[in-house]
Amino acid sequence: MTDLVLGSLRTALQAGFPKKLFWRLAYDRAAAEQPDAFSLMNYGYLGSDDALTTSEEGVCQNLYHRVASAVDLRGSLVLEVGSGRGGGLAYAMRRLGPRAAIGVDLSPRAVELARLRHRDVPGLSFFQGDADALVFGAGTFDAVLNVESSHCYGSRAGFLREVARVLRPGGHFLFADYFEPDALTSTRAALLEAGFTIADEEDITRGVVAALERDELRRLSVVERVPRPLQATFRNFAGTTDGRTYRRFRDGSWRYVRFVALRADASKIALAE
Ligand SMILES: C[S@@+](CC[C@H](N)C(=O)[O-])C[C@H]1O[C@@H](n2cnc3c(N)ncnc32)[C@H](O)[C@@H]1O
């Protein structure tokens, strides 16, 4: 993201725009200003024995791997909500073998970029849409994926009800984001209220901190393209080690958590090894 993104964020906040409009504007601007800089927009994950791909965005792909490989997706129909520029879903298609995958994102410009960048991946498509009001019929998908996006939504609880609706009974919700302690408690409750069983929950904050440290130079190079007066603010977004976001992960005041949730009575479905 650049100065224009931050400028539009400030304008949106000052004008009291609703959260949804604020994020749409931010990610539209980011796509317009830096279309080629990256195809993933998350903080990444690095475990002690992870072999990274040769991609510059290896730690970001690795986060997807950690979240999406928790179940066997071979032959399945997958929806990703908040797919951004599509790099994560393209990775999942190539590496984890779903039959087809649809990515939905609020930002029309991010969707355009996703279509352009990943047009060579068979079975993959992207549409503009809103997490709060998914346009798909009940029981459509075998799995729904959601990575570092739900913190942008007006209502996580409303989103989780939508996910439960579009998943088939026994379908999996593969979900990761960062949370303040209260938000984590209310999210667990909202998952149960929406009809999910929490099959797995893992605090992956240490792996996210390790990824940010490993990815520091690339993130700093993105920050350096932003005009100097805006760089301090931008470091928080980018997760560089001198920024507030990194410190919050490091001192434990924000926790990055991954969930595997099963829709309805699906307790007999085995998790992948
Ligand atoms: C931090 S980015 C993560 C993108 C992607 N998951 C990744 O890891 O590369 C958050 C994404 O959520 C999207 N988003 C925000 N609010 C949304 C909403 N209400 N519905 C769908 N997508 C939304 C943004 O446009 C942005 O692309």
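## Exercises on a predicted model

Glu148 sits in the loop between β4 (141-147) and α6 (156-166), where helices (H or I, at least four residues) and strands (E, at least two) are DSSP runs numbered from the N terminus. This is a predicted model, in which local features need pLDDT of at least 70, side-chain atom pairs count only at pLDDT 80 or more, and totals for chains, interfaces and linings use all residues. Residues are numbered from 1 along each chain as its sequence is written, and side-chain values use heavy atoms, with hydrogens and water left out.

**Exercise 1.** Find out whether Glu148 is buried or exposed, and look at its phi.

*Solution.* Start with the cut-offs: buried means under 20% relative accessible area, exposed over 50%, and partly exposed in between (1.4 Å probe, protein chains only). Glu148 has 10% relative accessibility, so it counts as buried. Next, turn to the backbone. Most residues other than glycine have a negative phi. Phi of Glu148, however, is near 50°, a positive value.

**Exercise 2.** Describe the ring pair of Tyr178 and Trp254, then that of Phe234 and Phe237.

*Solution.* Two values are needed here, because a pair of aromatic rings is described by the distance of the centres and the angle of the planes. Rings of Phe, Tyr and Trp (its six-membered ring) pair if their centres lie within 6.5 Å; planes under 30 degrees apart count as stacked, over 60 as edge-to-face and the rest as tilted. The whole structure holds 18 aromatic pairs. In one of them, the rings of Tyr178 and Trp254 have centres 5.0 Å apart and planes at 15°, so this pair is stacked. Tyr178 lies in strand β5 (residues 167-179) and Trp254 in the loop between α11 (244-251) and β7 (255-263), so the pair ties together parts that are 76 residues apart in sequence. Both Tyr178 and Trp254 are buried.

Now the second pair: Phe234 and Phe237 are 6.5 Å apart centre to centre with 40° between the planes, which makes the pair tilted. They are three residues apart in helix α10 (residues 228-238), and are therefore separated by about one helical turn. Phe234 is buried at 3% relative accessible area, whereas Phe237 is partly exposed at 30%.

**Exercise 3.** Work out how α2 and helix α5 (residues 108-117) meet.

*Solution.* Axes are lines fitted to C-alpha atoms, for helices over the stretch in contact, and angles run from 0 to 180 degrees between N-to-C directions. The axes of α2 and α5 come within 7 Å and cross at roughly 40°. Angles under 35 degrees count as roughly parallel, over 145 as roughly antiparallel, 65 to 115 as roughly perpendicular and the rest as oblique. The two helices α2 and α5 are therefore oblique to each other. Finally, name the residues: Arg24, Asp28, Ala31 and Ala32 in α2 meet Pro108, Arg109, Ala110 and Leu113 in α5.

How values were computed
Contact means heavy atoms within 4.5 Å.
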